[in-house]
Amino acid sequence: MNTKEKFLSQFAFSRAMNGYIGIERERFLKNAEGLYMPHAEKFLSEIKDPHWTHELSACQVEDRTDPRNNLLELKYDLIHNTNNGVYAAEKNSAKIITEEVAARDMPLDVFPLERYKNIVRNITEDRLRAACRVAGTHIHIGVGSVDEAIRVHNVCAAHTSELIHIGDHSSGARIALYKEMAGQWKSPQYENAEHFFETATVENFSDDPKHCYHLVRISIHGTVECRMFGVTPHEDEIIYWVEFLKQITGGVR
Amino acid sequence: MNARVKEKEMLSAFHEKVKKNIEEKERFIRKREETMIGLESEIGVFDLRHTESEMLFVRDAIVKRVGNEGADVELGAFQLELRTPPISVFSGGGILPLEKKYKDITAVAVEEVKKHDSSILRCGTNPFVRIHDTPRTKKEKYTEVPNFQNIHRRKFAEMHIGINGPNVDIGDASIVSLFQSFQVNMGACSLDDAVTLLNYALMTGPYLVGIGGNSRYLECTDTGINDVRILAWEASHDTRTAHDVMRGTKTRIGLPERYFLNIEDYFGRVARYPFILHNPEFAMQVGIGLHWLDTRIKIIGDAAVVEFRMLPTQQKSADEISFALAFIGRLLYAVDNKEELLPFELVKENRLSALLYGTRGNVWIRDGGLLKRVPIDEAIEIEIARAIQGLCSIGIDECDRLGEFIARYKKNSPSEILARALSGKKYPEREELWNALVSTRMVQ
């Protein structure tokens, strides 16, 4: 059994990063014929860029921006990562595809990592398929303390339906699959740090907060992470989501 | 007549004028040597010792002295535009007649301002003037257009700008009255040629603004941005709906969504945005006039003119001439070599890199058939070599001038020089900023 202090020590809250925004963007790899390519490993060895990383599905890759305190540089990072990715993919005759829900018959190859192999061993094929088929955009909001994290988390959680709506391009298909994959997807309203710890204990993510799959979660990076947004080729749309989040969380910072 | 009816009337008049011009496209055709070049530069009349009404008086005195052919007022109450008439450059006379005219007009303006013991501000922003409710020139268009933008601004749009720590509130469309640009107007050989030149200008403009950035300070605050002018313009004039953003629609400022396919495509984009002003007889001019792309096509009589608007005013008119030469030569090179356009997504990145980071930025460039991402000083060397080649193809040899120019500019944009003169201070006092502008010759 974890203690509350030990649990909270896993979160790297930082006053210096308060209000910074970081974005993770998942996309698929396809070939010229439009077939999914489980070539994430090959892609990552080609691009050699720490801003690009793997996902559970070997057909997916993810890029990350640096944490930014202004939207212009955030937009620049989004554009730059995409361009870098597109040209690295081209070298392997692949394309980076912005698709919110992949076809049901996509390959279920998993990126060769022990953590992912463990996940696969413990879930049904339907859940694996759901996990592989969805791609999303995750927005991280930097917070300075657990109390601030809870305030920002609760505001975002209260706006979940609205946030799902503005980030949806698949008529709800992505979010339905996400819920199927995640099981516990609904973000509670935390009363305080104690309640956050109790929830983590009950839902089995106190040892490893990465196992929390709520649509809004407090992440170990010291951020509140909003995971309900789908994918878009338009950077301005992602910036709009960030502006929306800044608007709703502005009063509790 | 209500606003919707007025807009409908303007749109219909716009389409009519466009149709007529396209039907008569033969009248725009001419040889390259018959096309002309014109220059425009916006400058500020400003002096810390003077009141607003005194500066307004001096501004008007300059416009009167230079005359309507060479000067006009602008949106900002302390701002004016100096401009040359279109002058032939490609028919054997070279750049000298244009250069002489431009320098003469500038000299008259400086002489007049000195007569009034005032100063001219030659940089891309006036960092002393307030952004909200800034004094505007009293003209209908200078009231209605910014008011429209303020009323229809996109919900939740970020209205603070800065990458260096300090943020400046830019939530008033009148902010453009603080901005000053240097514009090159290049006559085209036809409507098709105008579209070709426009696309090449969208592609190559970022390299030039990377080294020519000269608008970093707003309201005595260092935004940290090499050239904040266009970015602040875009943000303060963003009237898109959430649905527009979701569909990838851009504003009418800066870069369009993609390269233009043809002249119909260009005019079609102009027509997508509200005209705001009601003047059906001049519907085409109004539409184009409010379409503030980095480069745009204007129709002036029988001439299709490509207007490059991306550069801020520079501290020396001689350097502005060098930028004009670089721009013209680079476009001629692209046309002569039927150059393949850089993928538009790379142009987007280059542009933002140049505007944000200036000479510290990296950009994509095609070199020897290969795409590569290099520091901007490396890219600009390649670009200027191409410009020199383009100028040589029409018998203009400006190799030495552009060589000297690029050696000075490639490591330091004017913005970076000014920031150094202020020792990186984020909130300089007015006097400190003034002294730095004087020492860098941005105040004359």
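Visitor: What counts as a salt bridge here?
Guide: A side-chain nitrogen of Lys or Arg within 4 Å of a carboxyl oxygen of Asp or Glu. Keep in mind that this is a predicted model.

Visitor: Which side chain does Lys348(B) meet in a salt bridge?
Guide: That of Glu235(A), at 3.1 Å, N to O.

Visitor: And how many salt bridges between chain A and chain B?
Guide: The count is 5. Polar contacts across the interface come to 12 residue pairs, both residues at pLDDT 80 or more.

Visitor: Which helix of chain A gives the most to the side that touches chain B?
Guide: Helix 3, with 10 residues. Helix 3 (71-91) and helix 10 (235-249) each supply at least two. By type, that side of chain A has 7 nonpolar, 7 polar and 9 charged residues.

Visitor: How much area do the two chains bury between them?
Guide: About 2400 Å², with 59% of it on carbon and sulfur atoms. Chain A puts 23 residues into the contact and chain B puts in 30.

Visitor: Switching to cores. Which residues touch the most other members of the largest nonpolar core?
Guide: Ile161(B), Ile170(B), Leu218(B), Tyr266(B) and Phe267(B), in a core of 152 residues. Helix 5 of chain B (residues 191-212) brings the largest share, 13 residues.

Visitor: What is Tyr266(B) in contact with, beyond four places in sequence?
Guide: Leu198(B), Phe260(B), Ile288(B), Leu293(B), Arg296(B) and Ile297(B).

Definitions and conventions:
Residues numbered from 1 in each chain as written. Chains lettered and ligands numbered in written order. Predicted model: local features only at pLDDT ≥ 70, side-chain atom pairs only at ≥ 80, totals over all residues. Heavy atoms only, no water. Core = buried A, V, L, I, M, F, W, Y, C linked by side-chain atoms within 4.5 Å. Buried < 20%, exposed > 50% of the residue type's maximum accessible area, 1.4 Å probe, protein only. Helix = DSSP H or I, 4+ residues; strand = E, 2+ residues; numbered from the N terminus. Contact = heavy atoms within 4.5 Å. Buried area = accessible area lost by both parts, 1.4 Å probe. Polar contact = N/O pair within 3.5 Å; in protein donor to acceptor, adjacent residues only side chain to side chain. Nonpolar A, V, L, I, M, F, W, Y, C, P; charged D, E, K, R; others polar.
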